[in-house]
Each structure stands twice: as C-alpha cells, then as structure tokens.
Amino acid sequence: MSRPTGFFLCIAGLFLICLLPGTGKAQPELSMSVEKKQNQATVIYQKEQKSILKSKDRSVVKEPQEQKQTGVSRSPQLFLQELPQPEIKEPEKASIDPFATILAYGWQEYGLENYSQSKVFFLQAVASKNATNRRNAKYGLMYSYLKLDDTIAALPLLQDFVAQGEQLESTAPVLAAILFERGDIDALQLLLPKLSPTQQKEWREQIVFSQFQQDIAAINKKSKREAINDFLQQYKLILEECQQPEQFFRVASFLEANSPDLAKKIFADLSRCLLDDQHWQERVLREQLRLMNKKELLAIAINPSDGKISEPAWKSLLQDTLWQMLDQLEPQDPEYDTFVQVLYEQNPSNHEVASMAAWSCYQRGEYSCARDIFSALVQGNPTDDALLGLGYALQKQGALTEALALLDQHPNKEGKLFNQLRHDLHATRGGVLYANKSYQEAIVHLEQALLYQPEDVDLTKMLLWSRYHLGETEPLVEFLWQQYQEKGASDDAKLLSNLLGTLDDPIFTREVIKAFAESETAEIQKIAGDYTFQQNHPILADQIYQGPSPYAGSAAPAFDTMFHFRNKGGDDGTSSLRVATLIVRQKFSSDSGKTWAISIYPLSLDSGLLGAGVPVGSAYRSPDESPLLSGLWEEEILAWGWRGTLQIEGNLDWDIGIGSTPINGVVNPTPVGKIQGRGSDWFIAVERDSVKESILSWLGQTDPYSGRKWGRIVETNLSGSKTISFSDWWLSIEGKYGWYDGESVEQNSSLTASVSGGYTTNWKDFERSTGLFLFARGFERNSNFYTFGHGGYYSPAQQIIAGPFFRLATSKATDYWLEASCSAGLNYRKTDEAPHYTELGTVEIGPEDPGWQDLLGTYPGESETGLGLDARLRGILPLSRGWFVGGEASINNVADYTQWQMAVTLRYRFGKGMGLGLPDKDFSMLTDLTQ
C-alpha cells in the first residue's frame, strides 16, 4: 500500500470511529421493526371494563374504558437500544487484504446509517481471506441485518459470535431477544449463563411472564375449575407481588359467574395492590361488592370505609351494589325489606328509596314507621305516591279524619287511586260509626263513599241498615228483596227473613216466603222452612224443607198412644173421680199444611162408694122414707169416646174438631166439636165439649128415686186472646163466655177473664218465662151438687187468683222437649147458696110429708181465701227410627178440690225425621180429651 493510500485509509477509519456510537457523539436510536409474526403468546387480551353505575337519581352512566396494559415485549430493538455499540476493529492494511478498503467503506456507510449500503460492503468483505477482516465484516454485516430488521439473516451470525464468546456484552443480549421473540425458550435458557447476572434475572422474569401470558391467554369462562386452581397456585407469587394486576383482574372477571369464591379471593389480593391508585381501588371494590351474597353485603353496609377510597366513592359503590341486589329480589322475598331499609339509611334524602322504605314499613305492618317517612316526603314534595302512602298509613292507624283532611288539602289529586282511597276512608269511617251505633253520622260518610263507588253493594246495605236503625225499614227490605230477585243469594235471603217479623205487611211476607220455598237452593229452602216453623207451622215447614231441623218429619204420618190417669178429690160416690184411659190417635198430613187425625179412647171412671144418706137424686128422703133403688146410681162406668180433627196451617191457622160426648154413658151422647182461628198473636174459638168434673157432669146419672136420667153437661163457649209483645216483655189478655146445658139440668153460664205479663229470656237450651197473672171467673148460679137439677161441677159465683208464675221450656231448636211450669197465688173463692132441688122430677111431696123441709132447704154459700197452686212437668224424648216417648205429671188445687194426674205417651212416626215440631201442642191435644 502506498503512503497516500495508507494515510487516506487511516483518516477514513478515524472519521468512521468518530461517527460510530461510543465515540462520544450521539448515536441515532436503533429502530428495528421486528417481523410482524402473530404469536399467541404475545397477544394480550384485555377485557374492556365497563361499569354501569347508578347515580343518586339512578341514571345510567358509563365508566371510561380502561387503558390496555402492554404485555411483555419480545422485540430485540429494546435490547439493542441499551447494548454497547459494535466494537469496530481497524481493518488490516490493503497490502495485506484487498477487502480492507471495502470493509472500511462498510463501516463508513454504517456510521452514516446507510445500512443497506453498508450491508453490501460487508457482504463483499466477508469474502476476505484475512480472518480478522472476514470476522470484522461478519460483525458489521450482523449489525446491518439487525438495523434492517432482518433478524433471520442476523441470527446465525449472532449465534456464531456468541458461540465463540466474542463481544458477549453486545451480542448475547441481542441473541437472547431474538430467541425470545421467536419463542425458542429452550435455546434462551441455554444462553442465560453467557449473560450478566442482571440480564439473567431480567430474562428469567421475562420467561416467566411469557409463560404467564400464554397460560392466561388460555383461560376463559369455560375453563375448568381445576385448571384455574393450578394457574393461581403456579402464579401465586406474581399475584402477591402485585405483578400483572390487570391480567389477574381479567381472570377474576372470568371466574365471577362459575367460581365466585375464587374470584373473591383474587379480588381480595388485588385490593392490596396499587394502593395509591383510587381508580384501581374503586374497580376492585366494585367487583368485590358485586360478588358478595346478601348476608355479606348487609354486614359490610354497616361498616365504615377502610380508607382505600374516599368516603363518597365508598358510599356510591355500596349504594350501587345495594340497588343491583335489590333489583334481583322480589318484593315478597324475606330480605327485600332489609335491603330497602339499608338503602334508606345510606341515603335518606333519596326520594325513591325513601318511598320504597315507607312502603316496606307499610307492608310489614309498621304503620308508624310508614307514616313518619311518608309525612317527610309529603312535606318536601307531595307526590301522588307519598300522598297515597300517607293516606293508607293513616287509614291503618285509624286516623281516618286526619287522612280525609290530608286529601282535602290536595283536591287536585283526582286519580283513580285517590278516589279509591277516599272511598275506602269514608267507607271505613262509616263502618266504625255504624259499629258504634252512631247511625246518623255513619250515613254521612257512607253516602260520600257511595259517590265514588255507587255499585258497592255492601256499603249500600250498611247505609240502609243505618237508616233502618233510625226507623226506616222499608228501603232496606226493598233493597234486599231486589237483590234476592236478581241474584237469588242465600245471604240476602237470610237478612230479609230476619226483617220480615218487623214488617206489618203480611201480604209481602207471604210473597217472600213463597219465593224462598220455591227456590232450588236447599239453604234458602231451609230459611223458608225455619221462618215457617217460627210462625208455629211445623207441617208446612217440613213440606218446604226436608233436611235436618227441629221440625223434620212433622208432616209424616204418626201413631200416638197415651195412657192417662186423673185423680180428683171430693166426696166418695159423688164429686170424687178417678179416670183412666188409653188414647189411640192416628194422624197424617196432606199438602198445604193440612193435618188430619182420628182419636179413640176408652174411659174408665170411678167415683168411689156412695155412702148411706148422701143427698143424691130427686129427693134423698121420699115421702114414705123408702130407701134408694139399688143399681141406679153409677159409681163405676166404662165408656169410650172419639174425636176427629183437622188442623190447617196457613195465613190463618184453623183447628177444627168433631166428636161426641162419651158413648156408653148414662145419658145419650151429644155432638161436640171446635172451630178455632189463630193468628200469630191472637186466637178466637167456638167450642162445645163435656164438663169432665164428675160422672154426673161427664156421662150423667140415674135418679135412684125416680129412675130419671139427668146430667151430661156440655159447655159451649166463645173464647179469644190477644198477646202484645215488647221485645222480651209481653202481655196476654184472654176471655171466655161459657153456656152450660145438660139433660134435666138447669142451664148456667160463666164469664172468665185472665191477664198475664212477663219476661222471656233464653237460658242455655231453655226459654225462661217469669211474670204475674190475674185470673177471674164467675158463674150465674151454683150448680156444684148432685141433687136433681144440678150438674155436679164447680161453679163459684166469684173466683179471683193472682200471683207469680214461672215456666221453663226447651227452645224449638233442641232435639228433646221438657217443660216445667208453676203458678201460685192468693186464691179467693165465693159460692152462692143454692136450693137442694132445682127440679123435683116425678116426685110428689107435700107439707105433710117427711121430706118437705128438706125439699125447701138450701145449700149455703161460702167464701174462702187460700193459696192456689198449679204445677206440671212434661216432656218428650226422641228415641230412634221414628219412636218417641213422653210423659206428664201435674197437680192443681185452685178449685174446691185437689186434682193430680199423670200420663205416659208413645209415638211412632212413619217416615224420616226425628224433629219434635210443636210437642206441647200435640201433647195438649191428647190430654185435653180427658181433663
């Protein structure tokens, strides 16, 4: 090489050295564009984080999208920027190597950043036979390839240099970067010993992060729990050291749906990271709150913030989560009210949550709580919701007047719900006043309620009932009758039946009961039947309703037998009397409440032995003082009687009877009978019947002196009564006129009147009546003797009895009948004197005869005051299968004699039903035949 040439090369070399990095001048940044090769391990998926937050007014806002964190870079450019510049060795002289000049030109172009040109020079220079220059050219070529992003071409050169251990401080890091970028982790692991300790640590971390990125990229929502557990266990240290928090955030987000417990744990660890980053702490806390169950969320709601975020942010997140949880609950869920209450405590100024809290209190029945919150809302902003809630709360507390005043203060509130509330308030207030019997005030509110809902039938009923209690009956009856005709409801029928008794309109009453009886509903038929039975019509009631009842079977045929014995005190042979009879009766019913009956009863009468010298007949002392004709005076006699009856139940009850005085008596029988008409509280009757006080009055006797027959007294009477009721108090008036006639007996007449009043109440299964009575009667003449022309029956001129009475009888609803009665009083009796003989018959007697003085004699009148008593006990007990058994025992001393009697009866009913009907009426019809 010539001197000029060598000099020039030396200057050029120095110039290049000055231009190259490491010479003290600024080195342009190596900007390599690594081949854009898609490697799944380098792609970081970051889930876009969006949070729907509810502001105080619950409007939806979007949180700004989180910035994606850059993952671990595998580009070698970052490493080249930090590595020393290539160590440029001066080429050997041209005299030694002709490629030295080309090599120098290569480094010159490299220094000028003409990397494409430098590559051309270095490619030529590698052909140098000079090992040093050739090595130098490869070195420059390697760097040119790197500057041109041709890492593929640079890689074998780098590997060669590193393998030779040349310039490891610059070549080994670049090779490590390329291997990492290519994903050749195994080769990178073998290269690590040739790096500095610091670089080794960094690359080990990079390897771990690379594997972390690969593993985390494989995790998704469908990953198995075991795989996720392994992942978390493997990278536990990274999480604890708060490395890659965004990646763990993504994993936790994946786990929220299927593994919330793992997600909770990850978010708990993440909450310890980035403590100064408020935004990060809010994001983590939001997810933690979302993953809490209801119990945990309620527990944390009462705790203050832990200081990681500001108090307002803490409350905002907590309220948002509470709202989200509340939206998932149904109002009927047990925790719903609790969440509402917690939300209200968190933000009592929020009108929406305050309203919800108030309604929650209302639903729980805590009306004071609801009232307080609604009141506050009304004062602040009287919305429809708050006004209605306060009105309802006041209504529940019974503050109806205050609730109505509240609505009056806001008259512009005329919606459907407000009118419904006004209706309810007036209706409730009217109901309270009605219950308190303030009917006039109740009417005002009930009328107001009906203005809003005129179709409210129940309120209309209450209004009409209020007017009923104030004396207006007809509107209520007309309404109930109309309701029944339209609907045929049993409730209306019951109410209407209860009112019929208060109406003085029998025509309307009959119309209603007839409609009830024609109903196809058994319940309404029973109402008609029960009402009919209460009117003392058991036959009609049984024909209307055939179900279980106190009158069931009353219309069925029945066969009655009764043994009756009566003992009347008096003188043997004349006024004393003992009667024994067996009454047999068959009865059956036909349509329209008709009951037919036929009774036959043999009679055994015994008056005792007639003593000697007893004044009987036409004269007890004949002119010739002859004795009585034996066998003419009857001391014992056997006869029999019969009676047919027809009872008709209806608008006017009829009791019609026909029969005769006993057949086989001394005097020929004569017809007897009865016609009685009865209303609900009165009766009038015409009756003809035997006077049954002695054999003489009942069957007649034969005059033992003349053989003439006389007696068999028949009373024909006209009687009537009227009862006036004052609720449980009552007053009864009864009167009777009687005309007495018999064979060869002087006619007689009587007048009887009685007044009684008392009080009837219910006591257990009984009706108890107590009161006072006054009884008075008088006869035209005294006919209480057994001489000819008298009738042998007690006939005082005056008799007055007054005193208390007591009666206890089972109610009509019982399945047995028992009656006990007793009356006692001061008994005043006075009889007129009477002639010994009102008729002499065929006896002829004169003053000279021994019997003349007796003939002109008289029976003296007398008066007496004493205690009169009448007591009786009667009853009937149903047995089974149509059989009934009953009995009676009584005693009486109100006349001039004492009488006691007893009876036993047995009934068999042909048909179903064991109801008693009116047992006292049936019993009396039998005993009246012989007493």
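**Figure 1. Strands lining the second largest pocket.** In this predicted model, strand E16 (817-831) and strand E19 (862-878) each give at least two residues to the lining of the second largest pocket. Strands here are DSSP E runs of at least two residues, and helices are H or I runs of at least four, numbered from the N terminus. The pocket has a volume of about 540 Å³, the space filled by probe spheres set on grid points joined across faces, edges and corners. In its lining there are 26 residues, and those nearest the centre are Asp571, Ser575, Asn784, Phe785 and Asp896. (A pocket is an open set of points on a 1 Å grid over the protein atoms alone, where a 1.4 Å probe fits, with protein on both sides within 12 Å along at least five of seven lines; lining residues have an atom within 4 Å of a point.) Sorted by class, the lining of this pocket holds 9 nonpolar, 9 polar and 8 charged residues. (Ala, Val, Leu, Ile, Met, Phe, Trp, Tyr, Cys and Pro are nonpolar; Asp, Glu, Lys and Arg charged; the others, Gly among them, polar.)

Residues are numbered from 1 along each chain as its sequence is written, and side-chain values use heavy atoms, leaving out hydrogens and water. Local features need pLDDT of at least 70 and side-chain atom pairs 80 or more, while totals for chains, interfaces and linings use all residues.

**Figure 2. Helix H19 meets helix H20.** The axes of H19 (residues 367-380) and H20 (residues 384-396) come within 8 Å of each other and cross at roughly 150 degrees. (Axes are fitted to C-alpha atoms over the stretch in contact, with angles from 0 to 180 degrees between N-to-C directions.) From H19, Tyr367, Ala370, Arg371, Phe374, Ser375, Leu377 and Val378 take part in the contact, heavy atoms within 4.5 Å. Their counterparts in H20 include Asp385, Leu387, Leu390 and Lys396. By class, this contact of H19 with H20 has 10 nonpolar, 2 polar and 3 charged residues.

**Figure 3. Strand E11 and its partners.** Strand E9 (residues 682-690) runs antiparallel to strand E11 (residues 709-726), and 9 bridges join them; pairing takes at least two DSSP bridges. Look for Val686, whose bridge partner in E11 is Leu718. Strand E10 (residues 701-702) is also antiparallel to E11, joined by 2 bridges, with Gln701 partnered by Trp710. E10 and E11 make a hairpin with 6 residues between them, and Gly707 in its turn has a positive phi of about 75 degrees.

**Figure 4. The hairpin of E11 and E12.** Here E11 pairs antiparallel with strand E12 (residues 729-743) over 14 bridges. Lys722 stands opposite Ile733 in E12. With 2 residues between the strands, the turn includes Ser727, whose phi is positive, at about 60 degrees.

**Figure 5. Strand E14 between two pairings.** Strand E13 (residues 745-763) and strand E14 (residues 766-779) are antiparallel and share 14 bridges. In this pairing Leu751 has Gly778 of E14 as its bridge partner. Their hairpin has 2 residues between the strands, and Lys764 takes a positive phi near 55 degrees. E14 also runs antiparallel to strand E15 (residues 798-810), joined by 12 bridges, and there Phe766 is partnered by Thr810 in E15.
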